[in-house]
Amino acid sequence: MVERRKIVLVGTGFVGMSMAYSLLNQGGVNELVLIDVVKEKAEGEAMDLSHGMPFAPTKMDIKAGDYSDCKDANIVVITAGLNQKPGQTRLELAKANAKIMKDITKQVVASGFKGIFVVASNPVDLMTYVVYKTSGFPKEKVIGSGTVLDTARLRFLIGEYLEVASKNVHAYIMGEHGDSSFVPWNHCYVGCKKLIDVMKETGKDLSDLDKIYTDVQQAAYEIINKKKATYYGIGIALTRLIKAILGDQNAIMPVSMYQDGEYGHSGMFIGVPAIINRKGIKEMVKLNLDAEDQEKFDHSCELLSQIIKDQIDEIIEND
């Protein structure tokens, strides 16, 4: 008997459909249900994807559905919400998207869903918090895409700079998926060698790392200014996360996960390296941050905590 691997996608915009297209191409999922507030959009997307099935690596049943389809799903991925506009920060989306996220989560839970939530809607750390609080699910079963995409951008740029394969760059962006993120450079490696040592031994200017980080931080703004939205990178990143869960891979990924005092902060979701498997988040990979990095992490946490206090908790608590 074939193991059921069912994904429900809520939101058939550019991000969601980039993930769906990536899943179709990579295989590993045998059922995909698309939900959108505009039912015809979901139906059209399901038809379009299905017509590529003769060229896909594995069979996948694709259909438009509704929230009742979440009941027996392994994972519900939420990409719905308002998009970031040119010149707008992710945090400025918080209040409007929190209301959307709360409504979606209630309907998913009402179906009897017992699987894992994966949240990609922005601002992702805050939206993951909304899903967690609204659903009442265990913290390990609510995962935000966090800084997975930021980290991919970082690895790509370091690889280009050093002329090594980006797959052999082991570096992470931590903190908010946004302007207060940071790179713990002391924990970055090229192969099995510290990045800082590689830079020194090859005569590279360490200040170039600051430029690389700035390019990562500003990447979404630049892409949005040029083509109005960013979606391919996050689509592939979500597929990677889904496959880590379904494949029980124990893969280390920098996701948005609940903080319970590990870095001196509690009560919010933020991007940190974690081990991902079929249970969702197996455990956090705790880094020993130096004083400077801890200060950056503190700033990121405080920023999110203030928005939760000022805007988000009120929306969650009011029916």
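**Burial and contacts**

Colleague: Is D125 buried or exposed, and why?

Modeller: The label rests on relative accessible area (buried under 20%, exposed over 50%, partly exposed in between; 1.4 Å probe, protein chains only). D125 counts as buried because its relative accessibility is 3%. The model is predicted, so local features need pLDDT of at least 70 and side-chain atom pairs pLDDT 80 or more, whereas totals for chains, interfaces and linings use all residues. Residues are numbered from 1 along each chain as its sequence is written, and side-chain values use heavy atoms, without hydrogens and water.

Colleague: In which helix is D125 found, and which residues does D125 touch, not counting those up to four places away in sequence?

Modeller: D125 belongs to helix α4, residues 124-135. Helices (H or I, at least four residues) and strands (E, at least two) are DSSP runs numbered from the N terminus. A contact is a pair of heavy atoms within 4.5 Å. Once residues up to four places away in sequence are set aside, D125 touches G175, E176, H177, S256, F269, I270, G271 and L304. One further distance involves D125: its C-alpha atom is separated by 18 Å from that of E317, which lies 192 residues away along the chain.

Colleague: How many residues does the largest nonpolar core have, and which have the most contacts inside it?

Modeller: Such a core joins buried Ala, Val, Leu, Ile, Met, Phe, Trp, Tyr and Cys through side-chain atoms within 4.5 Å. Here the largest core has 86 residues, and V76 and V255 have the most contacts inside it. A second, separate core has 18 residues, including L154, V190, L195 and V198. As for V255, the residues that it touches, apart from those up to four places away in sequence, include I143, V148, L241, I270, V272, I276 and I281.

**Cysteines**

Colleague: How many disulfides does the structure hold?

Modeller: One looks for two cysteine sulfur atoms within 2.5 Å. The structure holds 0 disulfides. C188 is in none, and the nearest cysteine sulfur, in C192, is 15 Å away. C188 is also buried, because its relative accessibility is 1%.

Colleague: Which peptide bond is cis, and where is P123 placed?

Modeller: Most residues other than glycine have a negative phi, and most peptide bonds are trans. Here the bond from N122 to P123 is cis, with omega near -5°. P123 is placed in the loop between β5 (116-119) and α4.

Colleague: What is the phi of E163, and what is that of K228?

Modeller: E163 is not a glycine, yet its phi is positive, about 60°. E163 sits in the loop between α5 and β7 and is exposed, because its relative accessibility is 74%. K228, also not a glycine, has a positive phi of about 80°. K228 lies in the loop between α7 and α8, where its relative accessible area of 60% makes it exposed.

Colleague: How many residues line the largest pocket, and which are closest to its centre?

Modeller: A pocket is an open set of points on a 1 Å grid over the protein atoms alone where a 1.4 Å probe fits, with protein on both sides within 12 Å along at least five of seven lines; lining residues have an atom within 4 Å of a point. The lining has 40 residues, and T79, A80, G81, L82 and N83 are closest to the centre. Two or more lining residues come from each of α1 (14-26), α3 (94-110), α5 (148-162) and α7 (207-227). The largest share, 5 residues, is that of α3.

Colleague: Which element gives the largest share of the lining of the second largest pocket?

Modeller: That element is α5, with 6 residues. This pocket is lined by 20 residues, and V148, A152, R155, K167 and R240 lie nearest its centre. At least two lining residues each come from α5, β7 (169-170), α8 (232-246) and β10 (251-260).
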